[in-house]
Structures are given as structure tokens and as C-alpha cells.
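Please read the points below alongside the model.

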Amino acid sequence: MNRVPGDAENAHSSSVESCPSLRDVHSINPVQLMARIESYEGREKKGISDVRRTFCLFVTFDLLFITLLWIIELNVKGGIETTLEKEVLQYDYSSSYFDIFLLAVFRFKVLILAYAMCRLRHWWAIAFTTAVTSAFLLAKVIISKLFSQGAFGYVLPIISFIVAWIETWFLDFKVLPQEAEEENRFLIAQDASERAALLHPGVLSDGQFYSPPESVAGSDEDSEEKQDSEKPVV
């Protein structure tokens, strides 16, 4: 005999539990959602996110920094022209730093092409450049005679190795996750705006509001008093 009230209480509790979700949907502000969607669309039109632009700047810094160190090394060895001819035209794998400079150029071209021009959203391009850089530098350090040429024998390979791995870390832990999170937020906001449009079909825009002219307070009373005063006195 008590099962019917119990079932009614369970149904009532389940309906109460479902109310917060409906309340949350009804509490959506369409204006805020449209502003958020427009901001996301503006970022898409901009073409490249801020964090990806920072990554491309760091890749450019990598090339310029390695180039600067190589030019300093050419000057230290006795002049740019003489050392440049020796390291480029008379290239020797065991003693030349020209290949480390070419390695920086290789990283710059591949990464800018993949992540700035093609706007790739995968890690395979930087994994390829980092693997090539690491393997080449390890082989060069083991086989070559760079350590016998002074401080630059240590500086250039170590800095090139560290910068390549910093680029990998920055892309994998900053660029790709942040862009994926922004895309998910955009999809959620777009879905919420569609729900809000279904739940609030009569929401008016700013240009559709109409305010009737204000009536003068007590106008009816004034008109009645005026009519009484205009009546002829008998």
C-alpha cells in the first residue's frame, strides 16, 4: 500500500534532480554567448593563435642565435673571410661548425613551414627535427674533434641540442594543448548558443526594442478637472 507514495516521491526527487540542468540552460545569457563566439571566430580569422606565434618567434630566435654564435666563432678563429672559406669550401666534418648552422636552418624551415604556413596540429614535424638534431649532434660530438678547438667546441653543440628540445617541450606542452582547449571551448559555446536560441526564440536584439511614449501621470484627472471647469455655471 505504501509503494505508490514511495514511487511518487522517487519520481518527484528525480524531477528535482533534473531541474538544475534545465535551470542552468535557461540561465544562459545569449548576448554573452554570442560575444564569446565572435571572439573565437575573430581568433580563427586572425589565422594563427598567440601561443603559436610565440613558438614561431622562438624558432626564429633559434636560427638567429646559432647564426650569431657561428659568426663569433668565425671571428675568433682569425677573420670571417678566411675561416668561412675554410669551413664552407673546405668543409671537414670533424672540425667545421658550418653543419651546425645548416642544422639550425633545417629546423627553421621545417618548423615554420609546418606550424606557421600549414598550421599543423600534430607533433610529428618537431619530433622529426628534434630526432635529426639529436642524432647528428651526438654523432658529431663523438666522432669530431670539436672539443680540442676551445670553448665553441662545447657551446655550439650544447646550445643547439638544448634549444631543439625546448622547442619540442613548448609545442607539445603549451601550443597544442592550449589550442585544443580553445577549440573545445568554442564548440561548447556554439552548442550552448544553439540551445539558447531554441529555448529563447523571442530574444530581441538591441535594435528591436521598442519603448512606448511615456504617458503623463495624472493626465486623466487633469482632463476631468478641465472639463468640469469649462461647464457653464447655472
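Among contacts in the protein chain between residues at least 6 apart in sequence, what percentage join residues at least 24 apart? The figure is 75%, where contact means heavy atoms within 4.5 Å.

1. Basis. This is a predicted model, in which local features need a pLDDT of at least 70 and side-chain atom pairs count only at pLDDT 80 or more, while totals for chains, interfaces and linings use all residues. Residues are numbered from 1 along each chain as its sequence is written, and side-chain values use heavy atoms, with hydrogens and water left out.

2. Overall content. The protein chain has 8 helices and 0 strands, so its elements read α-α-α-α-α-α-α-α from the N terminus on. Helices (H or I, at least four residues) and strands (E, at least two) are DSSP runs, numbered from the N terminus. Of the 234 residues in the protein chain, 28% are buried. Buried stands for under 20% relative accessible area, exposed for over 50%, and partly exposed for values in between, with a 1.4 Å probe and protein chains only.

3. Confidence. The mean pLDDT of the protein chain is 75, and 61% of the residues score at least 70; pLDDT is the predictor's confidence in each residue, from 0 to 100. Confidence is lowest in helix H1 (residues 3-26), with a mean of 44, and highest in H5, with 96. The pLDDT is below 50 over residues 1-28, a stretch that has 8 contacts in the model beyond near neighbours in sequence. It is also below 50 over residues 203-210, where the corresponding number is 3 contacts.

4. H5 against H6. Two packed helices are described by the angle between their axes and the distance between the axes. For helix H5 (residues 98-117) and helix H6 (residues 124-143), the axes come within 9 Å and cross at roughly 175°. Axes are lines fitted to C-alpha atoms, for helices over the stretch in contact, and angles run from 0 to 180 degrees between N-to-C directions. H5 and H6 are therefore roughly antiparallel to each other; angles under 35 degrees count as roughly parallel, over 145 as roughly antiparallel, 65 to 115 as roughly perpendicular and the rest as oblique. Residues of H5 in this contact include Leu 103, Phe 106 and Val 110, and those of H6 include Phe 128, Val 132 and Phe 136. The contact of H5 with H6 divides into 14 nonpolar, 2 polar and 3 charged residues. Here Ala, Val, Leu, Ile, Met, Phe, Trp, Tyr, Cys and Pro count as nonpolar, Asp, Glu, Lys and Arg as charged, and the others, Gly among them, as polar.

5. H3 against H4. The axes of H3 and H4 are 7 Å apart, at an angle of about 110°. H3 and H4 are therefore roughly perpendicular to each other. Trp 70, Ile 71, Glu 73, Leu 74 and Asn 75 in H3 meet Ile 80, Thr 83, Leu 84, Glu 87 and Val 88 in H4. By class, these are 6 nonpolar, 2 polar and 2 charged residues.

6. Lys 140. Leaving aside neighbours within four places in sequence, Lys 140 is in contact with Tyr 93, Ser 96, Asp 99, Ile 100 and Leu 146. Lys 140 and Ser 95 lie 45 residues apart in sequence, with 9.4 Å from C-alpha to C-alpha.

7. Two loop serines. Ser 94 lies in the loop between helix H4 (80-89) and H5 and is buried at 16% relative accessibility. The side chains of Ser 94 and Asp 92 are joined by a polar contact of 3.1 Å. A polar contact is a pair of N or O atoms within 3.5 Å; within protein, one must be able to donate a hydrogen and the other to accept it, and residues adjacent in sequence count only if both atoms are side-chain atoms. Ser 49, in the loop between helix H2 (30-46) and helix H3 (50-76), is buried with a relative accessible area of 17%. The side chain of Ser 49 makes a polar contact of 2.6 Å with the side chain of Glu 179.

8. Arg 119. This residue of the loop between H5 and H6 has a phi near 55°, a positive value in a residue other than glycine. Arg 119 counts as partly exposed, at 46% relative accessibility.
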